[in-house]
Structure formats: structure tokens, C-alpha cells
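Hi,

Here is the structure I promised to pass on.

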Amino acid sequence: MSELRWNPVLEEWTITATHRQERTFLPPKDYCPLCPSREGRETEVPAANYEIVCFENKFPSLKSCPPPPAVEGDDLCPVMEARGICEVVLYTPQHDVNLADQPVEQIYRLIQVWTDRYRELGSYQYINYVFIFENKGEVIGVTLTHPHGQIYAFPFIPPRVEKELNSGRKYWRRHGSCLFCALKEKEIREEKRIVFASDYFVAFVPFYARWPYEVHLYSREHRLCLTDFGSQEQYDLAVLLKIILQKYDHLFNFSFPYMMIMHQKPTDGKSYPYYHFHIEFYPPYRSRDKIKFLAGSESGAGAFINDTLAEEKAAELRAAFPHHKWEVEG
Ligand code: ZN
Ligand code: ZN
Ligand code: FE
């Protein structure tokens with residue numbers, strides 16, 4: 001059973017996907033469906049080895065040929081079929097590693113895969129937004145520990161992106177320039193929240209961070225989406241991703257859980273000159289042994305309370321695993 005149910009109070013869709021209740025939950029390594037197949041054990045990947053694999057999620061929230069909605073909608077609360085595509089991206093055939101451990105070359109390949117999927121899924125008539133993300137760590141709710149990310153190709157522009165687009169559009173009309181470029185310039189100018197800056201990208205704990213170790217990664221040039229990047233920029237992005245993820249893992253010396261999400265131009269065929277490519281990381285930890293929960297104020301009022309200062313957290317991340325160590329080893 002799967003459908004979109006309209007919430008007229010928040011003016012957004014809820015995706016119901018009851019079949020997902022049955023999905024594989026934290027199987028032991030020997031039963032991992034994302035490892036390569038071997039003698040006597042077929043997995044999701046019918047190959048003895050692979051570099052990066054991308055395939056449709058077996059328990060998708062959205063399908064290219066969705067079943068008709070199980071309930072009837074009305075004018076007040078319309079219902080739509082849950083049409084879209086959900087893909088899984090396997091980062092490596094190795095089970096017990098993370099994206100942070102991958103060589104830059106492999107992360108570079110991943111960026112090329114993301115770019116390809118963005119272009120391909122975005123070209124479908126019914127796909128208006130291609131959302132690339134990774135949930136990492138059991139505290140985030142990951143059900144398979146094999147290193148992987150996901151892609152949700154939505155038939156609508158998700159509300160969070162819609163909000164960013166509206167702000168970007170307003171700023172563009174008022175100033176004739178990009179809101180996100182202005183924010184990035186502010187961070188570069190003020191320096192103290194910068195975590196790392198490379199030739200083509202800059203990573204910082206944003207002035208208005210909601211999560212203690214939230215990091216945003218912006219392209220220095222005004223790029224709208226993955227397909228705007230040349231291979232030099234793609235490679236530079238791979239290096240910077242590796243540096244950020246290594247910093248996270250070295251912060252408290254354990255593999256740091258996070259949500260990594262990508263914001264870029266919608267694929268509904270309209271023009272969005274005022275949007276700007278960026279990646280956001282939301283790690284749930286607020287200290288070595290404490291997790292930030294989305295409680296009443298965050299969940300019910302939408303008002304985030306951050307118990308830390310972005311400037312201090314950025315300094316911690318800058319100090320964690322100075323990148324040159326890795327460059328020498330790498
Ligand atoms: Zn595995
Ligand atoms: Zn911009
Ligand atoms: Fe964003």
C-alpha cells in the first residue's frame with residue numbers, strides 16, 4: 001500500500017508506504033543483501049564484485065508504476081498515487097567500511113554516479129525533484145549497515161527545498177544576486193565558522209546551525225546542480241567530502257553518524273537561476289556521548305534550539321584531523 005496524502009494544514013504531502021514495515025532490519029553481515037553475491041548466496045547484486053552499484057530500492061516509498069491509492073481522497077484531503085523512483089547507491093563491495101574510508105578516487109566515481117542519476121532521473125517527465133542523501137548510523141534509523149546512500153526522485157518539489165527556493169527567489173528579486181552566494185561570502189569573510197576551504201568548495205558550520213556539528217558545503221562558483229560541474233570541480237568535491245567525513249570520524253574517535261543531503265535545482269523544467277548547489281550534514285551527536293533529539297520545540301514548533309555555538313564547533317572540526325596527515329598517507 002502506498003500513496004500520497006495531502007496535509008492541507010501544512011500544505012505538504014505525506015507518503016504512506018506500509019509495505020516498508022516488512023523491510024530487512026539490521027541483518028547480520030553474512031545475510032547482508034548489499035554485499036556481492038557468492039556461491040550459494042544470491043544478494044541484491046548478482047555479481048561477485050563491483051565498484052559502485054545503483055538499483056531500485058526493493059522497499060520503495062515511491063514507484064514508477066505505483067498501485068492505485070488504497071483510500072479515496074476528497075477536496076479537503078486529496079490523495080495521489082505515489083509515483084516516483086527510489087534508488088539505492090552502494091558505495092563499495094566491502095561491508096565493514098564507510099564512505100569516509102574510501103579513497104578519493106572512489107568518492108570521485110560516486111560523484112560521477114550521482115551526476116548521472118541526477119541527469120537520468122531528472123529527465124523523466126514525472127520527476128520534479130531528484131533528492132540525493134545518505135543516512136548513516138543506527139541512531140539515524142539505518143536498517144542496513146552496508147555503506148550506501150539513497151536517491152528519492154519525487155513527483156513534487158519537497159517542502160524544505162520549496163522554502164529555500166522561495167527565499168532565494170525573493171533575495172534575487174530584491175538584490176539581483178544569489179542569496180546562497182551572499183551567505184558563502186559572509187562565511188568566507190568572517191572565517192571563524194569555516195571548517196575547510198578548497199579551490200572550488202567551502203565547508204562551514206552555518207551561522208544559524210540547527211545541529212551542533214552541522215556542516216554546509218557550498219560551491220564557490222554559482223552552480224545550480226551536479227551537472228554544472230566539470231571534472232576538476234568533481235574531483236575537488238571528492239577531496240572535500242573525504243576531509244569533512246574524516247574530521248567527523250576523528251572528532252570523538254568513533255564512526256560519526258550523520259544525515260548527508262544534497263540541495264540542487266529541481267528537474268521540473270522551470271528555470272531556477274537563484275538556487276545554488278550545496279550539501280548539508282546533520283550529525284545527531286551534540287557531544288561525545290549525547291544525542292540531540294528533535295523534541296517538542298523542534299518537532300512541534302519548528303524552532304530549533306542549538307545548545308552550542310557554531311563558532312566553537314567549527315573550531316573543533318577544524319582541529320579534528322588536520323587534512324595534511326591524510327594527504328601524506330593518502
Ligand atoms: Zn554488506
Ligand atoms: Zn550562488
Ligand atoms: Fe539547503
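**The zinc site**

Four side chains hold the zinc ion (ligand 2): Cys178 (SG), Cys181 (SG), His222 (ND1) and His276 (ND1) coordinate it at 2.0 to 2.3 Å. Donors here are N, O and S atoms within 2.8 Å of the metal (3.2 Å for Na, K and Ca), and water is not among the atoms, so sites may look incomplete. The angles between the 4 donor atoms run from 104 to 113°, which makes the arrangement tetrahedral (four donors, with all angles between 85 and 135 degrees). Along the chain, the donors of the zinc ion (ligand 2) are spaced C-x2-C-x40-H-x53-H. Cys181 sits in helix 3 (residues 179-190) and His276 in the loop between strand 11 (258-263) and strand 12 (278-282), so this pair ties together parts that are 95 residues apart in sequence. Helices (H or I, at least four residues) and strands (E, at least two) are DSSP runs, numbered from the N terminus. Both residues are buried: Cys181 has a relative accessible area of 17%, and His276 is at 0%. Buried means under 20% relative accessible area, exposed over 50%, and partly exposed in between (1.4 Å probe, protein chains only).

A word on the basis: this is a predicted model, where local features need pLDDT of at least 70 and side-chain atom pairs count only at pLDDT 80 or more, while totals for chains, interfaces and linings use all residues. Residues are numbered from 1 along each chain as its sequence is written, chains are lettered from A and ligands numbered from 1 in the order in which they are written, and side-chain values use heavy atoms, with hydrogens and water left out.

**Salt bridges**

How many salt bridges does a search of the whole structure find? It turns up 18, counting a side-chain nitrogen of Lys or Arg within 4 Å of a carboxyl oxygen of Asp or Glu.

One of them joins Lys29 and Asp96 (2.9 Å, N to O). Lys29 is in the loop between strand 2 (12-17) and strand 3 (53-56), and Asp96 is in the loop between strand 5 (85-90) and helix 1 (104-122), so the pair ties together parts 67 residues apart in sequence. Lys29 is partly exposed at 48%, whereas Asp96 is exposed at 59%.

Another pairs Lys186 with Glu190, with the closest N and O atoms 3.0 Å apart. These two are 4 residues apart in helix 3, about one helical turn.

Methods:
Tetrahedral: all angles 85-135°; square planar, octahedral: opposite > 155°, others 65-115°.
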